[in-house]
Amino acid sequence: MAEGDTRTARTEAKFGQGFLTDIWYFAALASDLKPGKLARHELLGEPVLLGRSNKGELFALRDICPHRAAPLSAGRFHQEASGSTTVECPYHGWRFRADGGCAAIPSLVAEQAMDVSRIRVRRYPIAESQGLVFVWVGSDPRGLGEPTEPPLLFEGVVGGAPKLVDRMDFDAHIDHAVVGLMDPAHGPYVHQQWWWRSKHSQHEKAKRFEPREQGFAMVRHEPSKNSRAYAILGGEPFTEITFRIPGMRWEHVTVGKRQVLSLTCLTPVTETRTRITQIVWSDHPAFFFLKPFIAAGARAFLRQDGEMVNLQNQGLKYDPSLLWIDDADRQAKWYQQLKREWTASRREGRPFANPVEAATLKWRS
């Protein structure tokens with residue numbers, strides 16, 4: 001391995017730095033991408049144009065025109081004589097196809113020989129699934145390479161459109177956002193509401209975990225008795241909580257034939273900012289009668305986590321060593337192992353081997 005490659009590998013392995021590549025990232029809700037509209041996003045520190053043509057074709061391109069660096073997202077869709085759709089730069093009208101290739105440079109005259117097909121902007125594979133839009137970020141900065149599999153399908157997407165959607169940006173690297181999301185012991189201290197639990201309502205927990213594709217799951221079980229929010233569902237709810245790299249956590253609750261799916265997607269915007277998107281689907285009648293109260297509770301949870309991230313940043317700016325303990329921090333350790341194995345398997349060109357082993361974890365919360 002060359003010296004430069006060694007430095008890159010070390011950076012990717014260090015907690016709180018670098019990003020996973022050759023993997024799907026949640027980018028937006030399908031409803032965010034209106035036909036005929038372009039939007040500028042930032043993903044892994046790179047500007048990305050996301051758009052949907054009037055014909056429904058999705059575009060994901062690096063949002064920098066190679067001519068004078070104007071954002072392509074400030075331009076518009078253009079209908080070519082061939083019937084295809086391109087994105088037109090607002091500065092000089094250079095046009096780019098969905099595959100990133102340049103289709104036209106209007107300022108050229110007939111006698112000026114220039115092979116515009118050799119000009120490209122980076123194209124990101126993009127896919128729409130279950131009302132969600134995912135972007136595949138490859139390790140090759142030229143945008144070469146294709147996904148080896150489609151985005152994940154989630155069990156429990158029921159009841160039509162999402163019942164709840166909430167977004168918030170955390171001032172944190174995705175690693176810190178992920179471990180905060182899966183931390184089982186902070187609840188009684190950060191999330192203290194009468195309808196959830198108090199600091200004085202703590203019990204010993206023992207939960208069974210199993211490896212799952214590119215992640216792990218707390219296997220289906222009855223919710224803890226001191227988690228009062230489940231009471232609004234009535235009956236005998238059972239829940240399973242799953243995590244998958246690069247940053248998706250979902251809880252699938254069943255109450256008889258009724259279902260609730262609460263999906264949290266973490267999208268790295270930059271090294272120091274992560275977008276959290278919470279999406280809830282359900283066919284349970286509670287979401288018809290109590291939606292305003294459930295939405296207020298979900299927003300409160302997310303903002304309490306955001307406030308704690310801001311407090312944590314006061315210490316993280318000094319780059320301290322972090323102390324991880326078992327069993328409460330085992331999921332955080334698994335996350336780091338999953339990241340290292342994913343990076344190694346991509347680098348070595350071999351199948352991913354999940355390093356997580358089945359275990360029963362115990363903690364008090």
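Predicted model: local features only at pLDDT ≥ 70, side-chain atom pairs only at ≥ 80, totals over all residues.

Biologist: Fine. How many salt bridges does the count come to?

Modeller: The count is 24 salt bridges, taking a salt bridge as a side-chain nitrogen of Lys or Arg within 4 Å of a carboxyl oxygen of Asp or Glu.

Biologist: Which residue does D175 form a salt bridge with?

Modeller: With K339; the closest N and O atoms are 2.9 Å apart. D175 lies in helix α2 (residues 174–182) and K339 in helix α6 (residues 330–348), so the pair ties together parts 164 residues apart in sequence. Helices (H or I, at least four residues) and strands (E, at least two) are DSSP runs, numbered from the N terminus.

Biologist: Is D175 buried or exposed?

Modeller: D175 is buried, with a relative accessible area of 1%, and K339 is buried as well, at 8%. Buried means under 20% relative accessible area, exposed over 50%, and partly exposed in between (1.4 Å probe, protein chains only).

Biologist: And the rest of α2, why is it called largely enclosed?

Modeller: Because 7 of the 9 residues of α2 are buried. Among them are H176, V178 and M182.

Biologist: Back to charges. What does E149 pair with?

Modeller: The E149 side chain meets that of R244 in a salt bridge, 3.3 Å from N to O. This pair links distant parts of the chain, 95 residues apart: E149 is in the loop between β10 (132–137) and β11 (164–170), and R244 is in strand β14 (residues 238–244). R244 is buried at 7% relative accessible area, while E149 is partly exposed at 28%.

Biologist: What about R350?

Modeller: R350 forms a salt bridge with E348, with 2.6 Å between the closest N and O atoms. R350 is partly exposed at 29% relative accessibility, and so is E348, at 48%.

Biologist: Which residues are linked in a network?

Modeller: E42, D169, R273 and R275 are linked by salt bridges.

Biologist: Different topic. Where does F288 lie?

Modeller: F288 is in helix α4 (residues 286–289) and is exposed, with a relative accessible area of 68%. Its C-alpha atom is 8.6 Å from that of K163, which sits 125 residues away along the chain.

Technical notes: Residues numbered from 1 in each chain as written. Heavy atoms only, no water.
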